[in-house]
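Hi,

Here is the structure I promised to send over.

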Amino acid sequence: MIIFWKNRIKKGSLHDLVVHLIPAILAVSLFEIIAIEVYLNTPLQESKIKFFVWRSAQAVGGFILGYLSDKFCRKKILIITQVLGLLILPLILWQNFAVFPLFLIGFFFNPSPVARAALIDNFPRESKAKLIAITYVAQFIPWCFYLNVKGFTSYEVIIAALIILAINVTMSYLFFEDRKDKKSNHQKERSQNVVHMKRRKRALYTLCALFPGQLVFFISDTFFENLTSNAGLFSALGIGSLIGVVIGIFYRKIPHLSLLTFCFGIGVLLSVVPLITSYLVPDLNIDLPYQLMLFSNLGGFYLPFVFDVVLSATSASYRGTACGIIDLIIALSSIIGVSIVILFNPTETQILSMTIILFLISTVIQKKGEKHA
Amino acid sequence: MKTSSNLAITVGVGSTIVLVAMMSLLARNIKASQLKRRNEK
């Protein structure tokens, strides 16, 4: 096995890894480690406003940084967002995760859309779904170590993140390249349409279907947090998403748009069965945490394909914006999902009914999008 | 409710191996695709 891999990896690979992949991937993982620390230090029951400020700033910041990376230079934006992270992180520690530094870090340190767009620029012959899946694997891996991160103080985690971030900034500055930045005919390319007209509708339907689909995920997240017995369950949700996305990594591209319809349809089935069972056999308790972890698995699996559809419909000059829009939709669904649970405090049966309705909406919208495939 | 930290770490380490392997393969393929592009030009 080792010899097999040795033969597969040629001598020049290490250079290519550093030049094209590691700075972007590491930035995504670091972003998520900081997200874990924010999550641990701003429990929802104590500080709802902090959560909303952090997520709203992320939603807008990701979109703006993605757009700026299209308009100017991906390498520069990747470096700037990391440098701003370096400056704001000590402020977070000093102000003990106060609202203002949380807003700043959410808004300015948001490398994910830029990193995703850069990866697709650098590997034009690779499938977009696979590349996006790789970034999501890097994003979800830190959640596997959530229980371990919990064991360290905020000071220790932030200092470690600062050190790695400083190394990554240097590495990005010295070595990182983006193919788009190097193109001399960049100006000419900008005159292209933002989206390819033929694929516009299916991308639009896919984005519309993504919103209710992600809403399910965040409603379940918040429901977990409200459980008194949740001791570290969040890491299990992260693992669920990770397993889903690892399976997705082996697909070259989306086989057909109907795969997304199937995924949302499976979501409906996974919600309908326990709901019916709970009425048929009233004595049987629904194991909702178990049920909702299956959704996280499903969510992880279909997410790279959503990117594949949207990015295939977007002009090469607007990939950063497209990734930013998807992140914006995901962040918005998290804000609305959390608001629903906080405002209505739903029961388990109501949660399942909501997931049925939301997945059903996603399935219908995605099915309509198939007509334009 | 308790969750297993060991299982989480195992999945995390396994996924890291998959990630590194995928990245190495991509890095290996980029040279070939660069050469192809040059030839096409």
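Below is what I found, going from the whole chain to single residues.

One thing before you start: this is a predicted model, so please read everything here as computed from that prediction.

**The overall picture**

Taking contacts in chain A between residues at least 6 apart, 89% join residues at least 24 apart.

**Helix H4 and what comes after**

Helix H4 of chain A covers residues 74–94, which makes 21 residues. From first C-alpha to last it reaches 31 Å, close to the 30 Å expected at 1.5 Å a residue. Quite a list of H4(A) residues is buried, including A:Arg74, A:Gln82, A:Gly85, A:Ile88 and A:Leu89.

Most residues other than glycine have a negative phi. Just after H4(A), however, A:Asn96 takes a positive phi of about 50 degrees. A:Phe97 also has a positive value, with phi near 55 degrees, and is not a glycine either. A:Phe97 sits in the loop between H4 and helix H5 (99–108) of chain A. Is A:Phe97 buried or exposed? A:Phe97 counts as buried, because its relative accessibility is 2% and the cut-off for buried is under 20%.

There is another case of this kind further along the chain. A:Asn345 has a positive phi of about 40 degrees although it is not a glycine. Its place is the loop between helix H16 (319–344) and helix H17 (348–370) of chain A. A:Asn345 has a relative accessible area of 56%, so it is exposed, the cut-off there being over 50%.

**H6 against H7**

Next, a helix pair. The axes of H6 (residues 112–122) and H7 (residues 128–144) of chain A come within 10 Å and cross at roughly 145 degrees. The crossing of H6(A) past H7(A) is right-handed. On the H6(A) side the contact is made by A:Arg116, A:Leu119 and A:Ile120. H7(A) brings A:Lys128, A:Leu131, A:Ile132, A:Thr135, A:Tyr136 and A:Gln139. Sorted by class, that contact has five nonpolar, two polar and two charged residues.

- A:Asp121 lies in H6 of chain A and is buried, with a relative accessible area of 3%. Beyond residues up to four places away in sequence, A:Asp121 touches A:Arg74, A:Asp178, A:Arg179, A:Lys180, A:Ala316 and A:Arg319.
- A:Cys144 lies in H7 of chain A and is buried at a relative accessible area of 1%. Which residues does A:Cys144 contact, leaving aside its neighbours within four places in sequence? They are A:Ile239, A:Leu242, B:Ala8, B:Ile9, B:Val11 and B:Gly12, so this list takes in residues of chain B as well as chain A. The C-alpha atoms of A:Cys144 and A:Gly244, 100 residues apart along the chain, are separated by 14 Å.

A:Asn168 lies in helix H9 (residues 154–174) of chain A. At 0% relative accessibility, A:Asn168 counts as buried. Its contacts, not counting residues up to four places away in sequence, are A:Ile22, A:Pro23, A:Leu26, A:Ala27 and A:Gln82. A:Pro23 is 145 residues away along the chain, yet its C-alpha and that of A:Asn168 are separated by 5.8 Å. A:Gln82 is one of the buried H4(A) residues.

A:Val338, in helix H16 of chain A, is buried as well, at 4% relative accessibility. Leaving aside neighbours within four places in sequence, A:Val338 is in contact with A:Leu44, A:Phe51, A:Phe52 and A:Thr222. A:Leu44 is 294 residues away along the chain, with a C-alpha separation from A:Val338 of 9.2 Å.

Cheers

Conventions:
Residues numbered from 1 in each chain as written. Chains lettered and ligands numbered in written order. Predicted model: local features only at pLDDT ≥ 70, side-chain atom pairs only at ≥ 80, totals over all residues. Heavy atoms only, no water. Axes fitted to C-alpha atoms, helices over the stretch in contact; angles between N-to-C directions. Helix = DSSP H or I, 4+ residues; strand = E, 2+ residues; numbered from the N terminus. Left-handed = near helix turned anticlockwise from the far one by under 90°. Contact = heavy atoms within 4.5 Å. Nonpolar A, V, L, I, M, F, W, Y, C, P; charged D, E, K, R; others polar. Expected span 1.5 Å × (residues − 1). Buried < 20%, exposed > 50% of the residue type's maximum accessible area, 1.4 Å probe, protein only.
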